[in-house]
Amino acid sequence: MKTTKLYTLVALLLMAMMAYGQTYDSIAHHSAGWYDIDLRNMMQLRDGNILANIQLFEINENGAYLGDYGNRLLKIDPNGAVLIDSVFVEDDDLNYYLMERNPFGEDNVYAKVVRNLEECRSDLRISFFDDDLTFHPEKEVWVPLSDTVFPALCDSYFLDDHGDIILNFPLTKRKELHYYRIGLDGTVKDHAVLPKESSPINFYTSGGHRFGTFNESPTEYCYWGTNTSDLKTIYIHVFDSLLNLKETITPDGAPENIYFKCGMKERVLDWDANTFLVATRFQNEINFADNGVRITRYDKNNLTSINTCYFRTYPQIINGVVSLGCAFPIGLAKAGDGDMYFAYCTQDPAGVSNGTPVGQVSVVKMDADFNIVWQRFCLELEGYSRVGSELVALEDGGVAVGGVVMGAPPELFFLVFDDEGWSVSESGITPRPYSYWPNPVQNELHLQYSPDVTPTSIELYDLQGRLLHIQCNGMESIDVEGLPSGTYTMRVIMEDGKTFVEKILKH
C-alpha cells in the first residue's frame, strides 16, 4: 500500500472544521486546489462511530476531470455529526473499496482491486486499519488476479459471513467475467470465469453493489444486472459456495408500460430463506413524468413478485413541456428489529431554466410487508449526487445516510435517524416528515406526509412576520394563487407539537 499521509488538503480542511466547531455540515469543500468528491462507502466501527470513505478527483477551474487524487477517511460521531478524526490515503487509481470489520480481529479491512503497473497485472490489495484510523502496512497482502491491467470502475465485492472477500471484475479485452473467493490472508480459495457471451448482463455494469449473498444456508452468491436491449428483465447469476454457476434466473418482468432502470446503486438483498428484494429505478414508457424508485419482493422458488412499493419522484421539475425529475436508490438494508431501511434521492440532472438543479433525499423505514413506518424528506436546492451517497443500518437502532450535495463546489451531507425517524445529527439539512412541491409555486402547493405524523395546521406568513393564511383541513394542498409574487414563510404544525418552517417562493 502506498504511504498513508496527511496532506495540506486535510490540514486546511481540519482547520476550517475547527473554526466551525467541527460539525459535519461545516465540511463544505475546502482545498488548496480544485477537487470534486464522491462518498464511496460507509461503515460503523466497533466503537459506534461512523467511518465514511470520500474519494477526491482533481479538476480544473472549469470542472473538467484531470485525474484521481486520493481518499479521505472521516470518522464521525453520529450523535451531533461531529468529526472526530480524519486521514488521507494517497491513491491515484479510481475504483471502489471494500470497507468492513475484520471478523478475525479487532481491526478493519480496507481492500480494493488495483492496477499493478510495475508488474503489468491486476491485484487485490488487502489492507488493515484500527478504529483510530492507524493503518498496519506489515499486515497488508497483495493478491495477483490477472496478467493484464483492468479498466477503472470494474469491480464489485463484499465480505461474506465466513470472512472471505467475494469479488467480481471483468477483463474487457478478453470479454471475461472473473469471480473470486479470497481469504483475508490472501489465499485464493475459488476462482471462476464466465465468458461474456455466456452472460446477458451488461459488461460495464459491475461497479458498486453487483455482488451479494443470495442464500445463507446453503451458501449461495449472486451477481446481477440488466441488458440494454431489455429494460424489463433483471438477470441474476446464482453461484454455489465454490463459485460454480448454478443458474441464471430472471424474476418476472416489469408491469405493462414500466421500465426497470439499473445503474450503480441498485440492490439485490437476500431477505429470508424464501424471498429476496430488488431495488431499482422505474419509468413509465408512455408518461416519462411517472418515474421514481421501487422495491419488489420476489419468491426464490417461482421468481414471481409478491409485492412492490413505488416511491415516485417529487418534486417534479418541469422545463416547458418536459419533465426532468428522476430518482435513484441510495441504499437498502435490514434493520435489527426485522424492518428495513431504504433511502433514495431525487434530482433534476439537466437543471431548470435558471440553471439551478433541485432534489431531495428521502429515508424510509418499512416493515417486512412494505408498510411505511416513517419517511423523512431532506430538500436541497442544489440536489444530491446519485452516485456519491450511502446508507448504513446502525447496530443500536437507527440509520445513517451520507453523501454529496451537488454544486460548485460540492459539499458533503450526513444524516442520522433514530428508530423513531427523528434526526440526531446537527446537519444543516432539516429532515421533515413531509415533502412539498413545487417551489417556486404559481397556483397550488402540494404536500405529502409520512404516515407516522398528523398535521394540525399550516400557516403562511409574509417576510414581516404577518400571518396571511391558516389552514386546518385538507392539508395536502394550499391555494396560493391570490398571493402576490414574493417570498413567504410556511409553518407546518404536527399533532405532537413539532413545527417545521419552510421558505416558499411565489411566482
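Which residue forms a salt bridge with Lys365, and how many Å apart are the closest N and O atoms? The exercises below treat this pair and other local features of the model.

The model is predicted: local features need pLDDT of at least 70, side-chain atom pairs count only at pLDDT 80 or more, and totals for chains, interfaces and linings use all residues. Residues are numbered from 1 along each chain as its sequence is written, and side-chain values use heavy atoms, with hydrogens and water left out.

**Exercise 1. Describe the salt bridge of Lys365 and the surroundings of its two residues.**

Step 1. The partner of Lys365 is Asp419, and their closest N and O atoms are 3.1 Å apart. A salt bridge is a side-chain nitrogen of Lys or Arg within 4 Å of a carboxyl oxygen of Asp or Glu.

Step 2. The pair links distant parts of the chain, 54 residues apart: Lys365 is in strand E27 (residues 359–366), and Asp419 is in the loop between strand E31 (411–417) and E32. Strands (E, at least two residues) and helices (H or I, at least four) are DSSP runs, numbered from the N terminus.

Step 3. Lys365 has a relative accessible area of 3% and is buried, whereas Asp419, at 29%, is partly exposed. Buried means under 20% relative accessible area, exposed over 50%, and partly exposed in between (1.4 Å probe, protein chains only).

**Exercise 2. Compare the salt bridge of Asp47 and Lys75 with that of Arg432 and Glu502.**

Step 1. The general principle is that side chains of opposite charge can pair when their charged atoms come close.

Step 2. In the pair of Asp47 and Lys75, the closest N and O atoms are 3.0 Å apart. Asp47 is partly exposed at 40% relative accessibility; Lys75 is buried at 9%.

Step 3. For Arg432 and Glu502, the N to O distance is 2.6 Å. Arg432 is in the loop between E31 and E32 and Glu502 is in strand E38 (residues 499–506), so this pair ties together parts that are 70 residues apart in sequence. Arg432 is buried at 7% relative accessibility, and Glu502 is buried at 4%.

Step 4. Salt bridges with shared partners also join Asp164, Arg181, Lys189 and Asp190 into one network. The structure holds 22 salt bridges.

**Exercise 3. Locate the cis peptide bonds at Pro218 and Pro438, and the positive phi values of Lys175 and Asn257.**

Step 1. As background, most residues other than glycine have a negative phi, and most peptide bonds are trans.

Step 2. Ser217 and Pro218 are joined by a cis peptide bond with omega of about -5°. Pro218 lies in the loop between strand E14 (211–215) and strand E15 (220–227).

Step 3. The bond from Trp437 to Pro438 is also cis, with omega near -10°. Pro438 is in the loop between strand E32 (434–437) and strand E33 (444–449).

Step 4. Lys175, although not a glycine, has a positive phi of about 55°. Lys175 sits in the loop between strand E11 (164–171) and strand E12 (176–183) and is exposed, with a relative accessible area of 51%.

Step 5. Asn257 has a positive phi near 70°. Asn257 is in the loop between strand E17 (245–249) and strand E18 (258–261) and is partly exposed, with a relative accessible area of 24%.
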